[in-house]
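Please keep the sequence and the structure in view while reading.

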Amino acid sequence: MHPSFRTRRALGLALTANAVRPLRGMRAGIPSFFAGWLTSELAPHLLALTATDTAAHVARRGLRGADRVGLVLGGLSAAGLAGLIVSAQRARGAVEQALVQALGPGYQQELPRPPSPRDLATPWGQLVLPFRMRNPEVHCDRDIAYAPGGRRFLLDVYRPLKPVSGRPVLLQVHGGAWMVGNKEQQGVPLMLHMAQRGWVCVAINYPLSPSARWPEHIVAAKRALVWIRRHIADYGGDPSYVVATGGSAGGHLAALLALTPGDAALQPGFEDADTSVQACVPAYGVYDFAATSGAPTATARMHSILARYVVGKDPREHHDDYVAASPLDRITDKAPPFFVIHGEHDTLIPVAEAREFVRRLRQVSHNPVGFAEIPGAQHAFDIFPSIRSAHVVRGIERFLEWTYLYRQR
């Protein structure tokens, strides 16, 4: 039996309301994320669905026989979805403002190809089928082993269809609370976009908890860097220029890679290998791994997730191990350029954690530190193409192109 028109519109309004003003807190944050994330990023599609459902209901019943309560619910939901679309468009301004603040007001003129109005416009054609992520101008070499150990030590290489050489490299690290996820599921819109523009992109798997314990995750990521240094030239990449990126747990690993080059404790058996990265773009990452800021969310995460499933050690007895894994506590003046991205409405990792990381990084770093707080964005807002993720991806492109030129000066 199909739900009634009123029931469908009530459910639609509830999802929209949660996306506009998400529920927060340890218990509500996870379901609020799943409901709000999809609603926010698919707002144009849901608005069209709401309008179609309402029109079909009126066509069947007529204006006099239509469910007036359902119509009101549908109208409120449509208004909220329209507001979400407007909010998503604000990502363009937020990203650009962050880049101007970090790189200077004239940074666009320094790019090899300053963005045109078309480059900055919303690519509506790409957003019609958001889960169909393909690009005929990009070739992907899949399931390449970067270390012994099976499928958790495989990587994919995205590169331009036409042969290239000496091109900068983007290393993508997937998220998933250090316990789930794989290289095919995250960062694809960014990698397809950058590979089309001549970059060579590498997406990696790494060992997952609880079967793997920290620091196996970061050790694997560093092994992937070693593989890149040795082999990426065969795929057209420049082994001397690698940028790390990733979201959530992947953002944590990317940031830690950037802040711990050559750390022997995280490179067992390959202590002398070059594991530096030349820039870092973490998105909605975990930075306060050791909860040294005292933030309640970070403290709860450390005890409920990290201690039980990821690290497997009591954080009171082994606090130094947590600090060593915490980007917030590993900041030095040798940090490479950073572009930190976080959603304003993130209910899994509050944006305050990213703000504090950026604040401390800016106090000591000699390199640019950009921070884009994306209006209305939930966690994982860039998993598939959307209005918001399209603007963020293009902003990341401008940051990466500028920092690549910056290093060559």
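Predicted model: local features only at pLDDT ≥ 70, side-chain atom pairs only at ≥ 80, totals over all residues.

Helices (H or I, at least four residues) and strands (E, at least two) are DSSP runs, numbered from the N terminus. Residues are numbered from 1 along each chain as its sequence is written, and side-chain values use heavy atoms, with hydrogens and water left out.

Is valine 243 buried or exposed? Valine 243 counts as buried because its relative accessibility is 0%, where buried means under 20% relative accessible area, exposed over 50% and partly exposed in between (1.4 Å probe, protein chains only). Contact means heavy atoms within 4.5 Å, and, leaving aside neighbours within four places in sequence, valine 243 is in contact with residues including Val169, Trp199, Cys280 and Leu400. Glutamine 172, in strand β3 (residues 167-173), also counts as buried, at 5% relative accessibility. With neighbours within four places in sequence left aside, the contacts of glutamine 172 include Gln186, Met191, Ile204 and Thr245.

**A kinked helix**

Helix α11, residues 296-310, has a kink of about 40° centred on methionine 302; the bend at a residue is the angle between axes fitted to the seven residues ending there and the seven starting there. Methionine 302 is one of the buried residues of α11, and among the others are Ala298, Arg301 and Leu306. The cover over the buried residues of α11 includes α9 (216-231), α12 (319-324) and α13 (351-364). After α11 comes glycine 312, with a positive phi near 75°.

**Aromatic pairs**

The structure holds 17 aromatic pairs. Rings of Phe, Tyr and Trp (its six-membered ring) pair if their centres lie within 6.5 Å, and planes under 30 degrees apart count as stacked, over 60 as edge-to-face and the rest as tilted. Two of the pairs are set out here.

| Pair | Centre distance | Plane angle | Type |
|---|---|---|---|
| Phenylalanine 338 and phenylalanine 357 | 5.7 Å | 70° | edge-to-face |
| Phenylalanine 339 and phenylalanine 399 | 5.2 Å | 35° | tilted |

Phenylalanine 339 in strand β7 and phenylalanine 399 in helix α14 (residues 387-408) are 60 residues apart, and their pair links distant parts of the chain. Phenylalanine 339 is buried, with a relative accessible area of 0%, and phenylalanine 399 is likewise buried at 0%. Both phenylalanine 338 and phenylalanine 357 are buried as well. Elsewhere, Phe33, Phe34, Trp37, Phe131 and Phe384 form one aromatic cluster.

**Two domains**

The protein is divided into domain 1 (5-92) and domain 2 (93-408), with bounds that come from an automatic or database domain assignment. Between them, domain 1 and domain 2 bury about 2300 Å², 60% of it on carbon and sulfur atoms; buried area is the accessible area (1.4 Å probe) that two parts lose on being put together, summed over both. Glu41, Ala91 and Arg92 supply 30% of the area that domain 1 buries against domain 2, more than any other three residues. Across this boundary, 26 residues of domain 1 are in contact with 32 residues of domain 2. The count between the two domains is one salt bridge, meaning a side-chain nitrogen of Lys or Arg within 4 Å of a carboxyl oxygen of Asp or Glu. The side chains of glutamate 41 and arginine 388 meet in a salt bridge, at 2.5 Å from N to O.
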